[in-house]
Amino acid sequence: MTRTRYDYRKAIGDGLDASVVTAPIQWIQRALPEARLTIHRVGRNGLREEVADHPALRLIARPNAHYGDIALWSGTVLSWCLDGNAYWLKVRNGLGRPGELWYVPHWTMEPKGSDDGSEFLTHYIYRPGGGIAPMRIDPADVVHFRHGIDPRNPRKGIPPLDGVVREIFMDLESSNFVASLLRNMGVPGMVLSPKSGGQVSDDDVKATKAWIDQAFGGDRRGKPLVMGAPTDVSQFGFNPQQMNMSEARDIAEERVCAALGIPAAVVGFGAGLQSTKVGATMTELIKLAWRNGVLPVGRAFADELDRSLVPDFGRAEGLKAGWDTSEVLALSDDEDKLTTRVMSQVAGGLITLAEGRDALGWDVDPSHQIYLRPAMALETPAGSAPAARSSAALPAPQPKSGQKARATPAQRRAGAAYVRALQQQEDPLQKAMEQRLLPYFAGLGRDAAAAARPLLAAEDLTPKDAPAGETKSGETKSSDLVVAQILDALGIPAHRTALQRVYEGHYLDVAKKVSDAAGLIGLTATLPDPVARSIVGAGGRRAGLIDLEAQTRKALFEALADGRAAGEGAEALATRISEYVEGGPWTAPGIRARTIARTETKYAQNISTVERAKAAGVQRFVVFDGRLGPGRSLEEHIARDGSIVTADEAAQMAADEHPNGTLSFAPHFGEGED
């Protein structure tokens, strides 16, 4: 170090026994897990979508069999703060993907380049200790988190505490000095000397000291002392104020915390608590600690994951790791203020819904590229009067206590015309969704076969002299492993997103048709944007109810079992996989598409009716059901035909409806009720 020959770095060691170092580091270790690690997919148009089930997130959550993600991040933060470098070792599975992650102490790992300097990084030297020889590790098997770049060794990060080594030493020495004095006072407790310079033999000195220790030590402290000869007795020691090292220790606390970006008061150091007396509240200091000490560390970690871990699990283009702080209590006030400001801008039509969601860190998709306008705000030319309010917005009367309200004949006739219009729309809409689903499932089966073909070909499943399902060596490859490899190569999350788009597009088409039918009952035929968004969102949620991965996995297992039992080769097996995956739980893709289209079209009509009417102020609906009659419709469905239910009850009934059900709703306006 400059201006000194003393090796302060060596004197303080690894810093793990210095409270001035470990206290702020432990604060960061406790704080970081409050945020949630996320991975988002960012499209070319800037739209973001969270990939909640990304395999990298699952691996970090359970890195190995011996500890979880909190312990993993704690070790990473410790090495980052002490050394500016933190390392994870990847242990790869049979698929060649990371199956385990292990934190390794920073002093056991060293990045190396080529001997001639032509390559920046060629390997890491790992020294686990315990008599184990050093290992050469491929850089692809290491996640190296760096704190910036150390100009003395650009392959490594620079230690954040490098500039405060002397202050750490000051704190340790101050602590050692005071502890030594308190342990044995550091000097004699009293001095006994002969009066008037008399001489005493060594034996008398030893005997007197032993007698003093025995007579006045331990529980005998404070007993009177009587000497048999003229003797001077002097008290010797330090005043406690003379041992006060607080000023030197305060400097160490302040500078170490400053190097880590954490206010000293947040950690609990006395030096920082003084700042709370001059206007800075603890709440403000904790926010400052998050902004300067925790979030920058988290962003650096996420950036390295983008480079060193996420690409190990397939295509990483457009994927970005980050931290969701919406549930961090210390930042909740800021989140509330930001949310309130963004919501007012969205509600006022100043920014799009997509821009608002992106500002809050939420998922964004094409359906959010809209401006919101108040439902009652009408564009009216200057000098003209606004349109009269629709009678549909009048509040509906409440049913009598203890009775289930039922529609009058006039109300049923009005509602029946609307329901008939919906029934006429069902078949064309259902066929339209079938036409969307058939190519989707065909593509899913085709992609599954393409993913399986090279894996099956590698097994060499075409021997003539081996039993069915075995290779020439007589070994059968595990179906579990083959299915896992196919699913991994297939990329279910991308197909799940595509299915969601199919649902959302169909639900929007249904909503437009239902809005057309609304003119039969006195509602305007336009489809308000908030209603369209709500209905499209319902379609996306319905798509999420389909466990596409489980259905595909089951189809793969069945295809492998049937194909191997028949002694099929790789190409025949791949063809079988395509057919089984395309058909899914049904015997054929046509039945699969038809069943889903029928169910979703009916549900989309019902939810569109409810949302469209609610936007116009309608809160109750007439139930139409049991139209197949006794013996074909359930008695409970026939019984509820003609009843009046609330919007929430109607939505729940629609969600619970059987795929072959005939449930429909018509808005109830409240006139002519019995």
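How many salt bridges does the count come to? The count comes to 29 salt bridges, a salt bridge being a side-chain nitrogen of Lys or Arg within 4 Å of a carboxyl oxygen of Asp or Glu. This is a predicted model, in which local features need pLDDT of at least 70 and side-chain atom pairs count only at pLDDT 80 or more, while totals for chains, interfaces and linings use all residues. Residues are numbered from 1 along each chain as its sequence is written, and side-chain values use heavy atoms, with hydrogens and water left out.

**Figure 1. Overview of the chain.**
The chain has 21 helices and 14 strands. Helices (H or I, at least four residues) and strands (E, at least two) are DSSP runs, numbered from the N terminus. Of the 674 residues, 42% count as buried. Buried stands for under 20% relative accessible area, exposed for over 50%, and partly exposed for values in between (1.4 Å probe, protein chains only). The accessible surface of the chain is about 36100 Å², and 53% of this belongs to carbon and sulfur atoms. Accessible areas come from the Shrake-Rupley method with a 1.4 Å probe; for residues, only the protein chains shown count as cover. Among contacts with a separation of 6 or more, 68% join residues 24 or more positions apart. Contact means heavy atoms within 4.5 Å.

**Figure 2. The salt bridge between Arg36 and Asp324.**
The closest N and O atoms of Arg36 and Asp324 are 2.9 Å apart. Arg36 lies in strand β1 (residues 36-42) and Asp324 in strand β11 (residues 319-324), so the pair ties together parts that are 288 residues apart in sequence. Arg36 is partly exposed, at 38% relative accessible area. Asp324 is also partly exposed, at 24%. Side chains of opposite charge can pair when their charged atoms come close.

**Figure 3. The salt bridge between Glu167 and Arg255.**
The N to O distance in this pair is 3.1 Å. Helix α5 (residues 165-184) holds Glu167 and helix α7 (residues 246-260) holds Arg255, so parts 88 residues apart in sequence are tied together by the pair. Glu167 counts as buried, with 11% relative accessibility, whereas Arg255 counts as partly exposed, with 47%.

Glu549 and Arg553 form a salt bridge whose closest N and O atoms are 3.0 Å apart. Glu549 is partly exposed, with a relative accessible area of 28%, and Arg553 is partly exposed at 32%.

**Figure 4. The largest nonpolar core.**
This core has 72 residues, and those with the most contacts inside it are Leu437, Leu456, Tyr503, Ile577, Phe621 and Phe665. Helix α13 (residues 409-459) gives the most to this core, with 16 residues. A nonpolar core is a set of buried Ala, Val, Leu, Ile, Met, Phe, Trp, Tyr and Cys residues joined through side-chain atoms within 4.5 Å. Neighbours within four places in sequence aside, Ile577 is in contact with Ala448, Ala449, Ala452, Leu456, Ile486, Leu556, Ala559 and Leu560. A second, separate core has 63 residues, including Ile28, Leu101, Phe269 and Val294.

**Figure 5. Ala650 and its surroundings.**
Ala650 lies in helix α21 (residues 647-656) and is buried, with a relative accessible area of 0%. Leaving aside neighbours within four places in sequence, Ala650 is in contact with Val610, Phe621, Val645 and Phe665. The C-alpha atoms of Ala650 and Ile607 are 8.4 Å apart, and the two residues are 43 residues apart along the chain.

**Figure 6. A nonpolar patch on the surface.**
Trp211, Leu225 and Val233 form this patch, with about 250 Å² of accessible area together. Patches are made of residues with over 30% relative accessible area and no salt bridge; like charges are joined within 9 Å, and nonpolar side chains (Val, Leu, Ile, Met, Phe, Trp, Tyr) within 5 Å. Leu225 is found in the loop between α6 (202-216) and β10 (231-235). Leu225 counts as partly exposed, at 31% relative accessibility.

**Figure 7. Two buried cysteines, Cys81 and Cys257.**
Cys81 is buried, with a relative accessible area of 2%, and Cys257 is buried at 1%. The structure holds zero disulfides, a disulfide being a pair of cysteine sulfur atoms within 2.5 Å.
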